[in-house]
Amino acid sequence: ATPSTISNLISQCGWKGLLFAPIAYLGISYMRKRNLSQIGHVQYRGNFIMVQATIDIKDTPLTKCIVLTNKDIYDDGTSFVFGLSEMNGDISLVSTYYFPQEDIRSKLRILKIITHEFGHTLGIEHCTSHKCIFGGVMSLNQLDSHPLLPCLEDCAKIAHACGKTLRQQLQCFINACNKLNLAQDIPNEYNHIYGAIELLPE
């Protein structure tokens with residue numbers, strides 16, 4: 001809970017909110033994190049960060065928002081999560097806690113989580129039919145085993161959600177890979193998508 005949270009509460013509830021605000025502040029502060037002695041650091045409840053982000057950007061003309069945090073985050077029933085999203089919503093939360101800058105794998109890992117979580121805001125559910133970035137991710141090994149780019153079925157869903165043709169959407173992926181110099185990191189995926197573009201009509 002931050003001062004803006006309390007101010008928002010007071011603005012909505014009037015001065016009666018002053019009576020509730022201290023209780024809300026203490027309750028949210030307690031519920032938003034947990035101190036795990038087994039792992040030696042504090043974890044933060046991801047959905048509370050997303051609620052705060054929603055409040056902070058409510059007057060900003062954004063279509064979608066990706067919130068990056070270097071904190072270790074969790075959700076109910078999990079030991080940790082790499083990210084959270086609102087399905088068909090506007091907010092994605094991605095934690096870089098497990099991706100240190102000195103690890104050369106971190107760039108690709110972060111891009112995978114961003115792609116995964118942002119896709120959920122477009123209505124893309126977890127993919128169980130193909131090897132795909134929208135498969136479930138519960139560990140670093142599982143994350144590394146997933147490709148960066150979606151399967152063609154989910155590419156088509158993203159294209160539909162963004163008002164593009166499949167060819168246009170695949171070209172967007174290729175353009176992003178070129179801009180970020182990713183072709184050498186994911187040569188098989190890159191060539192697969194590039195080959196699919198060649199087969200599709202203009």
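Visitor: Which residues touch the most other members of the largest nonpolar core?
Guide: In this predicted model, the largest nonpolar core holds 21 residues. Helices α6 (152-161), α7 (166-179) and α8 (187-199) each supply at least two residues of this core, and apart from it lies another core of nine residues, which includes Ala53 and Val67. Within the core of 21 residues, those that touch the most other members are Phe134, Leu149 and Leu170.

Visitor: Leaving aside neighbours within four places in sequence, which residues is leucine 170 in contact with?
Guide: Contact here means that heavy atoms lie within 4.5 Å of each other. With the neighbours within four places in sequence left aside, the contacts of leucine 170 are Leu152, Cys155, Ile193, Ala196, Ile197 and Leu200.

Visitor: Why are the buried residues of α6 said to be on the same side of the helix?
Guide: The buried residues in α6 are Asp154, Cys155, Ile158 and Ala159. They lie on the same side of α6 because the arc they cover around the axis is only 150°. What covers these buried residues includes α7, but the value that places them on one side is the arc of 150°.

Note on methods: Residues are numbered from 1 along each chain as its sequence is written. This is a predicted model: local features need pLDDT of at least 70, side-chain atom pairs count only at pLDDT 80 or more; totals for chains, interfaces and linings use all residues. Side-chain values use heavy atoms; hydrogens and water are left out. A nonpolar core is a set of buried Ala, Val, Leu, Ile, Met, Phe, Trp, Tyr and Cys residues joined through side-chain atoms within 4.5 Å. Buried means under 20% relative accessible area, exposed over 50%, partly exposed in between (1.4 Å probe, protein chains only). Helices (H or I, at least four residues) and strands (E, at least two) are DSSP runs, numbered from the N terminus. The arc is that of the directions from the helix axis to the C-beta atoms.
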